[in-house]
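Student: Can we go through this one together? I'd like to start with the fold and then move on to the ligand.

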Amino acid sequence: MRLPSEQDFSSRLRSPAVSSRVGVWLGVCFAVAFLTGLISHASQVTDQVIPFPASPSWGYRVTQGLHVTAGTAAVPLLLVKLWTVFHRLFTRPPRAARALLLHALERVSIGVLVASAIFMLVTGLANAAQWYPWSFSFRSTHYAIAWVAIGSLVIHVAVQLPVIRKALGEDVDSTDQDRDGGGAGGVGGGGSPTGEEPAEAGRTSSRGVLTRRGLLRSTWLATGVAVLATAGSTVPALRRISVFGVRSGDGPAGIPINKSAKSADVLGSATSSSYRLTVVNGDREVVLSRADLLAMPQRREELPIACVEGWSASGTWGGVRVRDLLDLVDAPAGSDVKVDSLQESGPFRSSLLQGNFADHPLTLLAVELEGEPLAIDHGYPCRIIAPNRPGVLQTKWVDRLEVV
Ligand SMILES: Nc1nc2c(c(=O)[nH]1)N[C@H]1C(S)=C(S)[C@@H](COP(=O)(O)O)O[C@H]1N2
Ligand SMILES: [Mo]
């Protein structure tokens, strides 16, 4: 048995003419995912100097919807792209030491790019499906590898720029940049290139069934399907065709449930008549029942829940302004507030409301949704709902607010 050689992958579809066109869109998806990912990261780091802005209230909904959609769209693009360049795995390394070193460096950088790109898409999709077949922390690892992926992508584009520019400037069927000057053997021929084939044969884009244009069209179609199938979890009009956005629109009051009261193990404590909310500022402390909360001035605001997994849904929430509660314990303006819940374990059992969120007039401790008392799975007796905030920080089953 012998190792395959580059010439064994003789399809005319495996050309810079195709891979650079797919690459452009792949690059766009990675750029969008990277930038929106930085935003998502900033929204969850609560000790930054410049606080994450509380407006526009729908901001995170849009950026995180874009993030997950761009990542999903990248999957078919990456698969096609890898297929079009796969043969390069089998190029014979050069003999001369200097050329060999450069070759090796280029190979390592491609290896890093491919590995990190696959890692990003696989972990992102798995997270969106709430499937964690790993033991590392998703968020910090996904974030760290994002820098590796984007860094190696920038290097790759810089190195390949001459090839990319030339390929994009020419017709997609041009064989100018193909291996062996456009004369390599055809699909299924199995023979090695002789360089003596008629020019005609070299120019034909398809000796197989698929033309280059056909392949590109199928790729755009697959990408479009991936976009529609994901975007529906953010865009209500697309919900019904959104097969990946399974969690959109179900759940009480049309808002999906992320973690149920049962799985958070708060069914008993959340419905208990001894439930109390404690608001603390230093040695000032106020203890309120749910009835006390209902007796305070009630506000109604329309705000979205926007999960980091990409789904989002808007609702009309009713409840007490967090700032009104902080006034009960004379919390100074701009105070950061730690929010605790009845949930005893789990990564999202508590959150920090930075001062600009705690003081924001739209930030509520909600007791109702769509005019009904909050469903237990949405956080009964009360939950945080604040503008432009990732879902993970919209803490449910709140029992303590403490100025820190
Ligand atoms: N106490 C607590 N609050 C929580 C969570 C949690 O696991 N525990 N999950 C968060 C996440 S990840 C999201 S997306 C929102 C979802 O709110 P919903 O279930 O009311 O739609 O709740 C947030 N609040
Ligand atoms: Mo979430």
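Tutor: What follows covers the chain as a whole, then the surroundings of the ligand; keep in mind that this is a predicted model.

Student: OK, how many helices and strands does the chain have?

Tutor: The secondary structure comes to 10 helices and 10 strands.

Student: And what share of the residues counts as buried?

Tutor: The chain has 404 residues, and 47% of them count as buried.

Student: Now ligand 1. Which residues come nearest?

Tutor: There are 19 residues around ligand 1, and P256, Q343, H378, R383 and K396 come nearest.

Student: What does the shell look like by class?

Tutor: It holds 9 nonpolar, 7 polar and 3 charged residues.

Student: Which side chain has an N or O atom 2.6 Å from a nitrogen atom of the ligand?

Tutor: That is the side chain of Q343. A polar backbone atom of F348 also lies 3.5 Å from a nitrogen atom of ligand 1. As for oxygen, one such atom of ligand 1 is 2.8 Å from an N or O atom in the R383 side chain.

Student: How much of the ligand's accessible area does the protein cover?

Tutor: On its own, ligand 1 has 530 Å² of accessible area, and the protein covers 99% of that.

Terms used. Residues are numbered from 1 along each chain as its sequence is written. Chains are lettered from A and ligands numbered from 1 in the order in which they are written. This is a predicted model: local features need pLDDT of at least 70, side-chain atom pairs count only at pLDDT 80 or more; totals for chains, interfaces and linings use all residues. Side-chain values use heavy atoms; hydrogens and water are left out. Helices (H or I, at least four residues) and strands (E, at least two) are DSSP runs, numbered from the N terminus. Buried means under 20% relative accessible area, exposed over 50%, partly exposed in between (1.4 Å probe, protein chains only). A residue is near a molecule or strand if one of its heavy atoms lies within 4 Å of it. A polar contact is a pair of N or O atoms within 3.5 Å; within protein, one must be able to donate a hydrogen and the other to accept it, and residues adjacent in sequence count only if both atoms are side-chain atoms. Accessible areas come from the Shrake-Rupley method with a 1.4 Å probe; for residues, only the protein chains shown count as cover. Ala, Val, Leu, Ile, Met, Phe, Trp, Tyr, Cys and Pro count as nonpolar, Asp, Glu, Lys and Arg as charged, and the others, Gly among them, as polar.
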